[in-house]
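Please keep the sequence and the structure in view while reading.

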Amino acid sequence: MPGAHQLAVGWAVRFRGEPPSPDTLRRHVRARLADLPTLTHRVDEGPGSRPCFVSVPELDPREHVRELVIRDPRERWQSCLQDVLARPLPAGHRPPWDLWLIRGYGDGTGAPEYVLVFRIHHALEDGAGHHYVLRTLFTPRIAPQRSRRPTGPTSAPAEGGGRVSARAVLGIAGDVARSLRGSGDWALLRRPHTGKLATAVGTAATRRLVALSRALDTDISVIFLTALTGAMRAVAVAEEERPAPLALLWPLTVRTGGERGAVGNYLTMLRLRLPCAEPLPLHRLASLSSQLEAGRVERRMRTSRALMRRAPLPMSLGTLRLLMRPRHASLTGTYFPAALPQPALGEARLDGALGLGAPLPGQLCHLTLLRYRSECTLSVVHDTVFARGADLPELWLAALAELEAVV
């Protein structure tokens, strides 16, 4: 499913029920805009060529909330995504986000349903920000979040700086140093990108991943990455490459409780090594469990939060940019559990969700595992030059079964 490459991220959700009219959906969004500052800002170039956020007080929902009617039946609702992802985000004076109402993709024999796809430029919002938008739009009112005035694409936390850990500082320094070197020997991930993206989706029952995490005394993040390691090992074998360790960027949020809806990216990055050369699933799991040890992750988050608050903005931005260099890691992956109490839109009920990432400039693939109630959905967004990206959901499910077989 090819499409145009842009740094657009967000989510897609399915509702069971009659679809609203575009105007009804626009009125619903307008009623929630006061609680959604990311939707009322655009990114401009400020002094010294440093990007800054600019408020757009007179926003016209008709320029952002669109409708797409599918004329040919689709086997799965996720197959509708590419019809939207190929389209450009609003630009110019308008905030760079859109919300698409997609209907008509069923064969007409089942209960009515529709899909909403939300996309926004990554400079305005990170994964925790997407979750806040989703909750604010489709669950009972959330108290507005107070946050300081946004000034750049990465806003330092306004409170809760925390303590600086020397071990975490050394870890950040090590990751920055590794960003100046290559990310591995995977030739198929070093191909020149085309700028055309495709998506692939796979779903596993949440109970499977919960059962595995309990049996192995770990969490779903580690299970996800262990199966991903097996999937990438299978890709290397299929491409007749020698499986080798593969660097992956793992985003960590540094938002505090009062910054859930704040504009910008409140992120730090952890560099992980997927042990793709390891043939045994339990050995892969042990390696990743060590890298994602809870104390290490907490120190990195706490220290990054403190440094972003106390360090000069150019220094914190420069460090984050180095951590996100494609030479630093060939892939980006993330896991997000969506907590949505009784989500609905009118009489329709939300019963399916997935995350939409975007490969960083220079990368060829981004993977998101989103947990929503009974399903964990893996969505892969990849450059078409990395054709094996289309196989990753199936390979990931096979590697998950391989892990289950040895427990």
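Helices, as counted here, are DSSP runs of H or I with at least four residues, while strands are runs of E with at least two, and both are numbered from the N terminus. Counted in this way, the chain holds 10 helices and 15 strands. The model is a predicted one, and the values below are computed from it.

**Overall make-up**

- The chain has 407 residues, of which 56% count as buried.
- When contacts between residues at least 6 apart in sequence are considered, 79% of them join residues that are at least 24 apart.

**The open sheet and the helices across it**

- Six strands make up an open sheet with mixed pairing, and their order is 5-6-7-2-13-12.
- The edges of this sheet are strand 5 (65-69) and strand 12 (344-345), each of which has a single partner strand, so one side of each is left without a neighbour in the sheet.
- Within the sheet, strand 2 (residues 8-16) is joined to strand 13 (residues 348-356) in the antiparallel sense by seven bridges, and Val13 is found opposite Ala353 of strand 13.
- Helix 1 (residues 22-32) lies across strand 5, strand 6 (97-103), strand 7 (113-121) and strand 12, and its direction makes an angle of about 150 degrees with strand 5.
- Helix 3 (residues 127-138) lies across strand 2, strand 7, strand 12 and strand 13, at about 30 degrees to strand 2.
- His131 belongs to helix 3 and, with a relative accessibility of 14%, counts as buried; leaving aside residues up to four places away in sequence, His131 touches Phe336, Pro337, Ala338, Ala339 and Leu340.

**Strand 15 and its partners**

- Of the nine residues of strand 15 (residues 375-383), eight are buried, so this strand is largely enclosed by the rest of the structure.
- Strand 8 (residues 196-205) runs antiparallel to strand 15 and is joined to it by nine bridges, with Ala205 standing opposite Glu375 of strand 15.
- Strand 14 (residues 365-372) is also antiparallel to strand 15, through eight bridges, and Thr368 has Ser379 in strand 15 as its bridge partner.
- Strand 14 and strand 15 form a hairpin in which two residues lie between the strands, and Arg373 in the turn has a positive phi of about 55 degrees.

**Aromatic pairs**

- With ring centres required to lie within 6.5 Å, the count of aromatic pairs comes to seven.
- In the pair of Phe15 and Tyr114 the ring centres are 5.4 Å apart and the planes stand at 10 degrees, so the pair is stacked, the cut-off for stacking being planes under 30 degrees apart.
- This pair links distant parts of the chain, since Phe15 lies in strand 2 and Tyr114 in strand 7, 99 residues apart, and both Phe15 and Tyr114 are buried.
- Phe224 and Trp250 form a tilted pair, with 6.2 Å from centre to centre and 40 degrees between the planes.
- One aromatic cluster is formed by Trp11, Phe15, Trp97, Tyr114, Phe118 and Phe138.

- The axes of helix 6 and helix 10 (residues 392-405) come within 8 Å and cross at roughly 115 degrees, and the crossing is right-handed.
- Among the residues that make this contact are Ile223, Phe224, Ala227, Ala231 and Val235 of helix 6, together with Leu392, Trp396, Ala399 and Leu403 of helix 10.
- By class, the contact between helix 6 and helix 10 has 14 nonpolar residues, two polar residues and no charged residues.
- Leu282, found in helix 7 (residues 281-291), is partly exposed, with a relative accessible area of 35%.
- Leu282 touches Leu216, Leu403 and Val406, not counting residues up to four places away in sequence; the C-alpha atoms of Leu282 and Leu403 are separated by 7.3 Å, although the two residues are 121 residues apart along the chain.

Note on methods. Residues numbered from 1 in each chain as written. Predicted model: local features only at pLDDT ≥ 70, side-chain atom pairs only at ≥ 80, totals over all residues. Heavy atoms only, no water. Pairing = 2+ DSSP bridges. Contact = heavy atoms within 4.5 Å. Axes fitted to C-alpha atoms, helices over the stretch in contact; angles between N-to-C directions. Phe/Tyr/Trp six-rings, centres within 6.5 Å; stacked < 30°, edge-to-face > 60°. Buried < 20%, exposed > 50% of the residue type's maximum accessible area, 1.4 Å probe, protein only. Left-handed = near helix turned anticlockwise from the far one by under 90°. Nonpolar A, V, L, I, M, F, W, Y, C, P; charged D, E, K, R; others polar.
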